[in-house]
Amino acid sequence: NLDYMANISAFVRGYNPDRLFDFYGIAGLTYKRSFQYGNGNNLFGGVLGFQGNFTISPLFDVYIEPKVTLANDSFNDSRKALERKFDLIPEVTVGMTYKMVPEDKRKTTEFTNTKFKDNLFFTTAFGVQRVTSRLMDIKDKNYAGFSGMLGMGGWFNQIHGIRLSALLGFSPFISEYGVSNTHKLLNATGRADYLINYSNLFGGYNESRIFKLYGVFGLEMATTKYEDTSWKLAGGFGLGLQGAFRVSPTIDLFMEPRMSFYNKTYTQGSDNVFDGVASMLFGVTYHSSDNEYKKFNDIFFQKSRADHMFVTASAGIGATYSRFDQELTPGESMAYRFNLGFGKWFSKSSGLQISGGTLLLGTRNPYSAEHEPCRVRMLTLSADYLLNMTNVVAGYSEDRLFELIGGAGISAIYHHSKFYPAFQAFFRGQFNIKNNWGVYVEPYAVWSPTRTLFTNTIATRKSIVMTANVGTTYALRGYDAASYQAYAASEG
């Protein structure tokens, strides 16, 4: 649509941005592309209507808009016998408007985080997605599937930013005849998005704003497969909006509707021109706070070589997850992990951890005729890079109660007198009970390129061991020998 809008309320009573209700007249042109059973028709016409606009806040309006379209007679099916030379299409739309606030009414505070590294954020979300190929029959069972996302990004200033993210999910989809005998379309997607903060653009910067609206525009690369086909790449782009609600200076909860468009290899079809995927994500963003909230932070420095060193001990339970079912009961498939480690923080956000332990896995015995269930023991030696995400977004504080730490690294697994390579990743939610002692919970995942390491009787690289660990840590925080000796002497 291309519409001319006339503010009748302003014409009659003068311009007033604080007016509760505005009445608009609308006149314009429209183009529609309609589809029926895969056949497309073009429609051109004119539009007349009105809009009743209710002001909810200086930035936000809701409206109701009745209008009528007068166009050539091709909306439903251009091949039918014509009874008249035009179509009359009435419509009523209910919607929202996010608008620019007059400059003299913008609430603006000073933006003090002027460097990209001071405006980083981490995000995770879960939601639903649905394939919207034009070839599908809406009466078939093309329901919404599941999607999960992990990402990170940053802001160049108070308006412009970027986000890199990875998604995994599936969509129930009845494919084109002959492509697949199953109806589950799996996808793994990488996205590079440009972000624009509409709230700051339209209303000025305000660190304590409760609701923020972002525009999301990006490029995507997806790889998809059905359960009985191989993976195929599909390129595309996506458009979306994110509405974020401020929970604390560093935490937002958000919802993000998005429409993505790919070339036809997404559904592995041949007759369609492109494929679409509609999605809705609900998630949390852990982001940098304004420097106003960091002015009471502590300064990170090394008092000695032992300063900021730590030791850890943890144990957890989980299971092996594989593409191929080993047909084990929950008790037989249980995995157990025990770990001891030590490490050091070299800066407020970066550290190194060396750990070793044992991993007990439930699998099947490859040396017995019936492949009975058994439990195997492995020894592990790991080196991990640690990222203190809380210090990245909120600055360093010695007395912080809770910290979120991410880690990833490489392992050597000793099993049957041989060493095998592996890779692991984890998140650690750490509660600091005292200045140098804390407890933590830790979801942990490990994968190996060796085909039979975790599954014994099944040769596959598509298996992963996941455990939920609980542990404790003791840190030499703020430690140097001279200060400790002076303290001990004063205590007698």
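## A buried tryptophan and its partner

W345 is buried, with a relative accessible area of 14% (buried means under 20% relative accessible area, exposed over 50% and partly exposed in between, with a 1.4 Å probe and protein chains only). This is a predicted model, in which local features need pLDDT of at least 70 and side-chain atom pairs count only at pLDDT 80 or more, while totals for chains, interfaces and linings use all residues. Residues are numbered from 1 along each chain as its sequence is written, and side-chain values use heavy atoms, with hydrogens and water left out.

## Aromatic pairs

Let's start with the rings. The search of the whole structure turns up 19 aromatic pairs. Rings of Phe, Tyr and Trp (its six-membered ring) pair if their centres lie within 6.5 Å; planes under 30 degrees apart count as stacked, over 60 as edge-to-face and the rest as tilted. One of the pairs is F126 with F146, which is stacked at 6.0 Å centre to centre with 25° between the planes. F126 belongs to strand 6 (residues 120-131) and F146 to strand 7 (residues 145-155), so this pair ties together parts that are 20 residues apart in sequence. Strands here are DSSP runs (E, at least two residues), numbered from the N terminus. F126 is partly exposed at 49% relative accessibility, and F146 is partly exposed at 40%.

W345 pairs with F310, and this pair is tilted: 6.3 Å separates the centres, with 35° between the planes. It links distant parts of the chain, with F310 in strand 14 (residues 309-322) and W345 in strand 15 (residues 334-345), 35 residues apart. F310 is buried at 6% relative accessibility. Elsewhere, Y98, Y198 and F202 form one aromatic cluster.

## Charges over rings

K184 lies over the face of F170, 5.0 Å from the ring centre, and the charged end of R428 sits over the ring of Y440, 4.4 Å from its centre. The criterion is that NZ of Lys or CZ of Arg is within 6 Å of the ring centre and within 35 degrees of the ring normal.

## Pockets

The largest pocket holds about 1700 Å³ of space. A pocket is an open set of points on a 1 Å grid over the protein atoms alone, where a 1.4 Å probe fits, with protein on both sides within 12 Å along at least five of seven lines; lining residues have an atom within 4 Å of a point. Its lining has 47 residues, and G148, L150, A166, L168 and M466 lie nearest the centre. Strand 7 gives the most to this lining, with six residues. By class, the lining of the largest pocket has 29 nonpolar, 12 polar and six charged residues (Ala, Val, Leu, Ile, Met, Phe, Trp, Tyr, Cys and Pro count as nonpolar, Asp, Glu, Lys and Arg as charged, and the others, Gly among them, as polar).

The second largest pocket has a volume of about 440 Å³. It is lined by 23 residues, with D22, Y24, N53, D61 and K99 closest to its centre. Its lining has 10 nonpolar, six polar and seven charged residues.

## Positive phi

Most residues other than glycine have a negative phi. H308 has a positive phi of about 70°; this residue lies in the loop between strand 13 (274-287) and strand 14 and is buried at 8% relative accessible area. S417 has a positive phi near 65°. S417 is in the loop between strand 18 (402-415) and strand 19 (418-432), and is exposed, with a relative accessible area of 62%.

Conventions: Helix = DSSP H or I, 4+ residues; strand = E, 2+ residues; numbered from the N terminus. Points joined across faces, edges and corners; volume = space filled by probe spheres on them.
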